[in-house]
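Let's take a tour of a protein model, one part at a time. Keep the picture open while you read.

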Amino acid sequence: MPVMAVVNRKGGSGKSTFAAHVAAWCALRGHSVMLGDVDRQQSSRGWLRRRPAALPAIAPWTMDNKNMLRVPTGITHAVLDTPGGLHGFELARIVMFADAIIIPVCPSLFDRESAAQCHAELMTLPRVAHGRCRLATVGMRVDGRTKAGEMLREWSEGLGIRYLGSLRETQLYVRSLEKGLTVFDLPPQHAAPDLAQWQPILDWLQPVLEPPQAANDPVPGAHVSRPLPLKPAQEAMVSGSRLSVLSGARVLSAGVPQAQPQLARAAAPGATRVLPQFLKR
Ligand SMILES: Nc1ncnc2c1ncn2[C@@H]1O[C@H](COP(=O)(O)OP(=O)(O)OP(=O)(O)O)[C@@H](O)[C@H]1O
Ligand SMILES: [Mg+2]
């Protein structure tokens, strides 16, 4: 099961925004995806509650009868949103599961310094150092054509981290997220510049999230995804012995949504689009 985590020590760098978008992209591709919210703020879980039921579903963690967080049955892809300040044992635990980590970085000096510390710690972990967990940065709330955008690219490449591009600052993200949407859920003509900015990011993520399959396997997105074989560490994650510790997970028993029933009929790309009120004006 491909697992992607969004990590940065710096609060407010866009982790939850980024994680929600990747989860929505997976859902639109027809995958049975879970957005795991490791953050006690539970921003992603709150966003999931707002997500319209008509859209391709994204599952949250589920809680078992021992009050432990679990990956729901049938999930084939996991996106993990993590809290600011994540480091040490908790960071290592995430890396143990992740196939790829994205570090969203805003352009200020403080943001860059914090991201550089996060990167330095990640590089001490063998899975990252040996390339089993791939690492990249994305510029957040910055126009790639500006000096700030170019400086961010140079900064990232100077540290030897792959820079995937930048996402501009726009209220489209803020308003979409308020409605449980992402820019991928909007009619493409309303989000064309932003979809274009996502393209190089998705090009990099695609082989991680949709690893090449055997020739006789069905094409991703053209069917309801079947569970992929789990790696040993992920098996442990699903059976709960390790994942349960991820977020000090005996929390949040109140208001936990169950995996949405329509998960089983995840839509083909572009199947359902809603036009939110803020786009109708
Ligand atoms: N591209 C963007 N354009 C405009 N606003 C954005 C953009 N990306 C993120 N934001 C806004 O920036 C704020 C911080 O984003 P987000 O909550 O995703 O960060 P975070 O790293 O998850 O924060 P925390 O560390 O507190 O969990 C939010 O209000 C979000 O709506
Ligand atoms: Mg967050």
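## Around the ligand

Here, a residue counts as near a molecule if its C-beta atom, placed from the backbone, lies within 6 Å of it. Keep in mind that this is a predicted model. Ligand 1 is surrounded by 20 residues, and the closest are Gly11, Lys15, Ser16, Thr17 and Gly84.

Now look for the open sheet of seven strands. Reading across, the order is S3-S2-S6-S1-S7-S8-S9, and the pairing is parallel. The edges are S3 (58-59) and S9 (162-167), and each of these pairs on one side only.

Zoom in on S2 (residues 33-37) and S6 (residues 77-81): they run parallel and are joined by five bridges. In this pair, Val33 stands opposite His77 in S6.

## Helices on the sheet

Helix H2 (residues 43-50) packs on the sheet, where it touches S2, S3 and S6. The direction of H2 makes about 135 degrees with that of S2. Helix H6 (residues 147-158) lies across S7 (100-105), S8 (134-140) and S9, and runs at about 160 degrees to S9.

## The core

The largest nonpolar core has 67 residues, and Ala23, Val79, Ala98 and Ile101 touch the most other members. Helix H1 (residues 15-28) gives the largest share of this core, with 10 residues.

Which residues does Ala98 contact, leaving aside its neighbours within four places in sequence? They are Val3, Met4, Ala5, Leu80 and Cys133.

Key
Residues are numbered from 1 along each chain as its sequence is written. Chains are lettered from A and ligands numbered from 1 in the order in which they are written. This is a predicted model: local features need pLDDT of at least 70, side-chain atom pairs count only at pLDDT 80 or more; totals for chains, interfaces and linings use all residues. A nonpolar core is a set of buried Ala, Val, Leu, Ile, Met, Phe, Trp, Tyr and Cys residues joined through C-beta atoms within 7 Å. A residue is buried if 20 or more other C-beta atoms lie within 10 Å of its own, exposed if 12 or fewer, and partly exposed in between; C-beta atoms are placed from the backbone. Helices (H or I, at least four residues) and strands (E, at least two) are DSSP runs, numbered from the N terminus. Two residues are in contact if their C-beta atoms, placed from the backbone, lie within 7 Å. Two strands pair if DSSP finds at least two bridges between them. Axes are lines fitted to C-alpha atoms, for helices over the stretch in contact, and angles run from 0 to 180 degrees between N-to-C directions.
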